[in-house]
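Below is a short briefing on one protein model. Read it with the sequence and the 3D view open, and find each element as it is named.

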Amino acid sequence: MILIWILNLSFGNCTFFTKEPIAIMRDTYVHKGKRKQLVDYLHQKIGIADSLVLAAMNEVPRHLFIESVFEDYAYEDRAFPIAAKQTISHPSTVAEQTELLAVKEGEKILEIGTGCGYQTAVLVKMKALVYTIERQKDLFDFSHKIFKELDIRPKFQSFGDGFAGLPTFAPFDKVLVTCGAEMLPTELLKQLKVGGKMVIPLGKTDEQILYRFTKISDTQFEKEEFGVYKFVPMLQNKSH
Ligand code: SAH
């Protein structure tokens, strides 16, 4: 009886289930091998040339950011459902968006749509100073927890509406939007430094075109187009 009570108490506290080393132990040589194959595919078949992007994606254990039922497929070029009816983007989309951003060490990056945190982790591994916003509380909480477990440190993580950006921390070198916006969020362009870049999918809910805006002056932008994609929608206001 006493023994059962003691066991309940320690399981109830659950301390040894949440300690960091467990996540790290779950990144095995098999995962690492599959990850390397994915990175080779991104380089050779998708044409990703930025070695910093490839190195970062070789480091981030994508299988720990998704439901364990999808673990065996985590290193295929596939999107998966995550909490709150959202999706983790295809690795090729993450790689393409990150390459378009031309990230340099120490740059201040604003990311809209933390989701499960995978893209954030890639940017952090590239030694960027990442400020990230998520409007879904479940995903904000999930990403916060996995960052802690994996010792991934974005500069600032916010639960809020990305349309407003983060004026307190502006200006940013780069802005990355990981959800599809129907209209251009002009507030985000304002928070960009002159010379800075914003990568954003724009269009209706069923498909968007990926754009890169480069800020030439306070009022002038260069706009480049990079093909059709399908992202979850960028929605107004935060959700509980
Ligand atoms: N980069 C993410 C992709 C997640 S999908 C990953 O690697 O998992 C895009 C995310 O954008 C979703 O989590 C969605 O909730 C979020 N989102 C949509 N509109 C938003 C808004 N206005 N502000 C902040 N996040 C938003």
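Which of the 23 residues around the ligand come nearest? They are Gly113, Gly115, Tyr118, Gln119 and Gly162. The elements that give two or more residues to this shell are strand S2 (86-88), helix H7 (118-125) and strand S4 (129-134). Keep in mind that this is a predicted model.

**The shell around the ligand**

- Strand S2 gives the most to the shell, with three residues.
- By class, the shell around the ligand has 11 nonpolar, nine polar and three charged residues.

**Helix H7**

- Seven of the eight residues of H7 are buried, so this helix is largely enclosed by the rest of the structure.
- The buried residues are Tyr118, Gln119, Thr120, Ala121, Val122, Leu123 and Val124.
- These buried residues pack against helix H5 (51-59), S2, H6, strand S3 (108-112), S4 and helix H8 (137-150).
- Just after H7, Lys127 takes a positive phi of about 65°.

**The sheet**

- Strands of a sheet pair through backbone hydrogen bonds, either parallel or antiparallel.
- In this model, seven strands form an open sheet with mixed pairing, and their order is S5-S4-S3-S6-S7-S8-S9.
- Strand S5 (156-159) and strand S9 (221-229) stand at the edges with a single partner strand each, so one side of each is left without a neighbour in the sheet.
- On average, and with direction ignored, neighbouring strands of this sheet are turned by 10° against each other.
- Strand S7 (residues 192-202) and strand S8 (residues 208-215) run antiparallel and are joined by six bridges.
- Ile200 has Tyr211 in S8 as its bridge partner.

- Helix H6 lies across strand S6 (172-177), S7, S8 and S9, and runs at about 155° to S7.
- Two packed helices are described by the angle between their axes and the distance between the axes.
- For helix H4 (residues 29-46) and helix H6 (residues 91-101), the angle is about 65° and the axes are 11 Å apart.
- H4 passes H6 in a right-handed crossing.
- Leu38, Leu42 and Ile46 of H4 make the contact with Pro91, Ser92 and Ala95 of H6.
- How many residues of each class does the contact of H4 with H6 have? Five are nonpolar, one is polar and none is charged.

Note on methods: Residues are numbered from 1 along each chain as its sequence is written. This is a predicted model: local features need pLDDT of at least 70, side-chain atom pairs count only at pLDDT 80 or more; totals for chains, interfaces and linings use all residues. A residue is near a molecule or strand if its C-beta atom, placed from the backbone, lies within 6 Å of it. Helices (H or I, at least four residues) and strands (E, at least two) are DSSP runs, numbered from the N terminus. Ala, Val, Leu, Ile, Met, Phe, Trp, Tyr, Cys and Pro count as nonpolar, Asp, Glu, Lys and Arg as charged, and the others, Gly among them, as polar. Axes are lines fitted to C-alpha atoms, for helices over the stretch in contact, and angles run from 0 to 180 degrees between N-to-C directions. A crossing is left-handed if the near helix is turned anticlockwise from the far one by less than a right angle, and right-handed if clockwise. Two residues are in contact if their C-beta atoms, placed from the backbone, lie within 7 Å. Two strands pair if DSSP finds at least two bridges between them. A residue is buried if 20 or more other C-beta atoms lie within 10 Å of its own, exposed if 12 or fewer, and partly exposed in between; C-beta atoms are placed from the backbone.
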